[in-house]
Amino acid sequence: MTHQIEAICGRYVTVEIAGRTQRIYFEEAGQGRPVLCLHTAGADTRQWRHILNDGEFTENNRIIAFDMPWHGKSLPPEGFETEEYLLTTEAYIATVLAIADALGLENPILAGCSMGGRIALQIAALHPGRFSGFIAIEASDFQPAWYDIDWFHRPDAHGGEMGAALVSANIAPHAPQAERWNTLWMFMQSGPGVFRGDLSFYTRDDSLVANISRIDTAIAPVHILCGEYDLTCTPEDATRTHQAIAGSTLEIMTELGHFPMSENPARFRPYFARALALVGASGT
Amino acid sequence: MVDAALKPVLDMIAVMIDATPHLLRLGALFSETVLLEVDGDAYYLVFHRGRLETIAYGQNRKTPWRFAIRTDSEALHKFWQPLPSPGFHDIFGLVKLGRATIDGDILMLVKNLRYIKEILAIPRTGSLA
């Protein structure tokens, strides 16, 4: 068997977020226009592995993804052992901006999936000018939970395994088996209470509904992508959100679900290429 | 009543579980009765340690069950296609489409969700997906 060392490079950066020191793990590949990528709830940077390894994307773009605190290889902050993890809009925005500043990103694109797409739209509304374009994947203004988020943090059951079994509902049946299970594995590995804490933000904070009219696509274009098999952020949710943002663009992706870049990278690739071109980065 | 087309499908699920070691491992702690209701007809699926040991047909108020999945035969037919349409690809999708309801001890379902989803998906391929 031949050996292959991937182009992805992983490092750590320490930043201050709301007065707390956070050691953040990030991966990057490529050179050119920075494209900062945000993972979904209950997962980590590995969701972006195929985009980071795509030479046609990295030829002219610097693709970067980072693990949110408590996720992947980013440790929770000091004192976490007695803390209930509950992500907030404010902390999430502060984290994304802190990373962009720490890495010295100039005119970056922000691409986020699910809760990452939600916060991308919040940043578009509340911090115009910080990013030069937004790709909001499986993102909507708001939708309440169709499940009980407390299922995923209990002493008598494995929250990660239950979370993975639940989110499998959001993967299209067309996903290659290997990538389906790679995608679910991240949820199985999620730290105790982390998926629940992310979902607290995602399913209870509806503040984007009031902010969404502030998004000015003349300052930075917004492109929304949504998989037709996404039960959480449905095409109807994405369409409603698109209609609320004047000048935004939308593409419904066939044979894809809630984790398109991870569950079926070959299928997602042309949609992401078009998205990059639409928001001013280098598509392929 | 018993749907003549459904009975062999449920029997096949029971046979396939027995032949699938990873399902028996996933269901090793699952010994419950699940009510599957299709077009109002009742099918009590009695599991013991991950094996589907008995399928009792017909409504019986004396039969206790842990949770129930109620749907219609057309929805189930679409659910069992190899590549189901959006929404028909998952039991919670059926619920979201208004084509199924799930009631009873939902937490018991969620604790065993991977197992339940995989055994219900067996007819898509006649084997494991």
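This is a predicted model: local features need pLDDT of at least 70, side-chain atom pairs count only at pLDDT 80 or more; totals for chains, interfaces and linings use all residues.
1. Asn107(A) is partly exposed, because 13 other C-beta atoms lie within 10 Å (a residue is buried if 20 or more other C-beta atoms lie within 10 Å of its own, exposed if 12 or fewer, and partly exposed in between, with C-beta atoms placed from the backbone). The residue sits in the loop between α3 and β5 (109-113) of chain A, where helices (H or I, at least four residues) and strands (E, at least two) are DSSP runs numbered from the N terminus. Residues are numbered from 1 along each chain as its sequence is written, and chains are lettered from A and ligands numbered from 1 in the order in which they are written.

2. A positive phi, near 80°, is also found at Trp70(A), again a residue other than glycine. Trp70(A) belongs to the loop between β4 (61-66) and α3 of chain A, and it is buried, with 22 other C-beta atoms within 10 Å.

3. Helix α3 (residues 89-102) of chain A packs on helix α4 (residues 115-126) of chain A at an angle of about 80°, with the axes 10 Å apart; axes are lines fitted to C-alpha atoms, for helices over the stretch in contact, and angles run from 0 to 180 degrees between N-to-C directions. The two helices α3(A) and α4(A) are therefore roughly perpendicular (angles of 65 to 115 degrees count as such, under 35 as roughly parallel, over 145 as roughly antiparallel and the rest as oblique). Thr89(A), Tyr92(A), Ile93(A) and Val96(A) of α3(A) make the contact with Ile119(A), Gln122(A), Ile123(A) and Leu126(A) of α4(A), contact meaning that C-beta atoms, placed from the backbone, lie within 7 Å. By class, this contact has six nonpolar, two polar and no charged residues; Ala, Val, Leu, Ile, Met, Phe, Trp, Tyr, Cys and Pro count as nonpolar, Asp, Glu, Lys and Arg as charged, and the others, Gly among them, as polar.

4. Helix α6 (residues 177-189) of chain A has 13 residues and reaches 18 Å from its first C-alpha to its last, close to the 18 Å expected at 1.5 Å a residue (the expected span is 1.5 Å times one less than the number of residues). Its buried residues are Glu179(A), Arg180(A), Thr183(A), Leu184(A), Met186(A) and Phe187(A). They cover an arc of only 140° around the axis, which puts them on the same side of α6(A), the arc being that of the directions from the helix axis to the C-beta atoms. Gln177(A) and Ala178(A), on the other side, are exposed. The buried residues pack against α5 (159-167), α7 (194-204), α10 (260-263) and α11 (265-278) of chain A.

5. Between the chains, 14 residues of chain A are in contact with 14 residues of chain B, and those on the side of chain A divide into 10 nonpolar, two polar and two charged. The axes of α5(A) and helix α6 (residues 113-120) of chain B come within 8 Å and cross at roughly 35°. Here Glu161(A), Met162(A), Ala165(A) and Leu166(A) meet Leu113(B), Arg114(B) and Lys117(B), a set of four nonpolar, no polar and three charged residues.

6. In chain B, Gly104(B) is found in strand β5 (residues 100-104) and counts as partly exposed, with 16 C-beta neighbours inside 10 Å.

Methods:
Two residues are in contact if their C-beta atoms, placed from the backbone, lie within 7 Å.
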